[in-house]
Every structure is written in structure tokens, then in C-alpha cells.
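Hello,

Here is the structure I promised to hand over. Have a look around first, then read on.

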Amino acid sequence: MIRGLFVGRFQPFHLGHLYVVKKLLEKVGELIIAIGSAQYSHTFKDPFNAGERIWMIRSALDAELDPRKYYVIPIPDVNDNRIWVAHVESYTPPFQIVFSNNSLVKVLFQEAGYDIEPSPLYKRELYCGTDIRKKIIGNEKWEHLVPENVAKIIKEIGGDKRLRGIIKKDYVYDAAEIDSNNI
Ligand code: NAP
């Protein structure tokens, strides 16, 4: 049985991620969904904490997939790329293949001897975490871009208000300012 690793920040987990997870589970017996940057929350880039992200992912996947097929594991970042692969391994069961499109992630796992495959892209122009966060802030429709249970959770935890509060711009939506401030 082959176990694969899929790393992302999942801010938030959207329909593109759901498609990717389903596709990857056609290739491997079990999938580890590693939540990167797990120590962060309450920023524009990472508004949801690790537990909230685990809740969103499990709520979305349990509705469609056998929960014995996947693990959802939070991985805090470490300020040293040389030890990141060992750090990931210290949180996960063994895996044989890594799915990623992130060039740094690919280099680090390749150097550690892992097989790497690109993770499939699905309607990237539509499903993009940054754009979804901007839509939430801008009071645009975003609910159709995430699994139904994820939209419910974001509302239940006040995630929409949190995002607007973080940037303190709930009356003006200025994407350029958000980007330039990197918040
Ligand atoms: P990420 O920061 O989650 O994603 C980077 C970009 O790629 C995002 O725009 C993301 O879109 C997009 N993306 C990711 N998977 C995709 C897919 N299958 N299809 C389309 N777009 C996709 O980066 P990541 O590679 O997914 O996750 C890497 C994680 O590992 C981060 O948390 C990073 O901090 C961590 N890391 C840590 C270290 C260290 O601590 N030293 C070293 C390397 C990596 P969405 O926003 O829509 O997902």
C-alpha cells in the first residue's frame, strides 16, 4: 500500500483542494493531508488556526470519502529549510510519494530521496485561497467556491468577520493595499 503526502496551507480548504484530494486518492491507498504553517492564524494570509482548518477539511471529506483513507496533520513551519523534511516526517506516518507544485517543497523532498509528482490543478482561475479570502473581505459571493460544510464552519466561527477585522477595512476593499502590506 502506497501512502502519499499532500502539503498545503488550506486557507481555506476549497473545491479545488477537494478535487485534488479525490484525484490523489485514486493513485494512493492512503493520503496524508499536511496542514503547513500550522502555528499561524489571524492574518490575511493565514486567517484560520490549525484546529479550524482540520475541522473544515474533515467536514468536507467525511461527507464524501472513507475517513480511514486519509490523515489530516498540522505541521508548524520551522525557520530552517534543511530540517523541514525531517520535521514533517516527525509528525506523520511513513509515506512514499509527495504531491506538490511548490518548487521549494519539491526540491526539499527530492533531496531527501522522495518520489515527487505534481498535484493536479483544478479550475485554478476559480478556486484560489487568496481570491476567496479577498472575496470574503470584499463582501462578494464566496460560499459556492468551498464545500458546503466549510462555508458553514467559516460562518460559525465568525471567519468572515475575522478577516474583515484583521485588515480593518470592512468599509473599503482595496486588494492592492492588502497585497502590498502582505497581511
Ligand atoms: P501554499 O502556501 O499552501 O500554496 C502556495 C500557492 O500554491 C497557493 O496559491 C496555493 O493555492 C497554490 N496551490 C497549492 N496546491 C495547489 C494545487 N493542487 N492546485 C492549485 N494551486 C495550488 O504552499 P504549498 O506548497 O501548498 O504548502 C507548503 C507549506 O509547507 C506551507 O505552509 C509552507 O510554509 C510549508 N513549508 C515550510 C517550510 C519550513 O518551515 N522551512 C519549508 C517548505 C514549506 P491555494 O491558496 O488556493 O491553496
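Below is what was found in it.

This is a predicted model, so local features need pLDDT of at least 70 and side-chain atom pairs count only at pLDDT 80 or more, while totals for chains, interfaces and linings use all residues. Residues are numbered from 1 along each chain as its sequence is written, and side-chain values use heavy atoms, with hydrogens and water left out.

Let's start with the nonpolar cores. A nonpolar core is a set of buried Ala, Val, Leu, Ile, Met, Phe, Trp, Tyr and Cys residues joined through side-chain atoms within 4.5 Å; buried means under 20% relative accessible area, exposed over 50%, and partly exposed in between (1.4 Å probe, protein chains only). The largest core has 36 residues, and Phe-13, Val-21, Leu-31, Ile-33, Ile-57 and Leu-61 have the most contacts inside it. Among the elements that each supply at least two residues of this core are helix 1 (15-24), strand 2 and helix 2 (50-62). Helices (H or I, at least four residues) and strands (E, at least two) are DSSP runs, numbered from the N terminus. Another core lies apart from it, with 15 residues, including Ile-32 and Trp-84.

Next, look at Glu-30, in strand 2 (residues 30-35). Is Glu-30 buried or exposed? Its relative accessibility is 16%, so Glu-30 counts as buried. Its side chain makes a polar contact with the side chain of Arg-3 (2.8 Å). A polar contact is a pair of N or O atoms within 3.5 Å; within protein, one must be able to donate a hydrogen and the other to accept it, and residues adjacent in sequence count only if both atoms are side-chain atoms.

Now find helix 5 (residues 129-137) and helix 7 (residues 159-167), whose axes come within 8 Å and cross at roughly 85°. Axes are lines fitted to C-alpha atoms, for helices over the stretch in contact, and angles run from 0 to 180 degrees between N-to-C directions. The two helices are therefore roughly perpendicular to each other (65 to 115 degrees; under 35 is roughly parallel, over 145 roughly antiparallel, and the rest oblique).

Finally, some backbone details. The peptide bond from Gln-11 to Pro-12 is cis, with omega near -5°, and Pro-12 is in the loop between strand 1 (3-8) and helix 1. Ser-37 is a residue other than glycine with a positive phi, near 50°; with 9% relative accessibility, Ser-37 counts as buried. Lys-123 has a positive phi too, near 40°, but is partly exposed at 41%.

Enjoy exploring!
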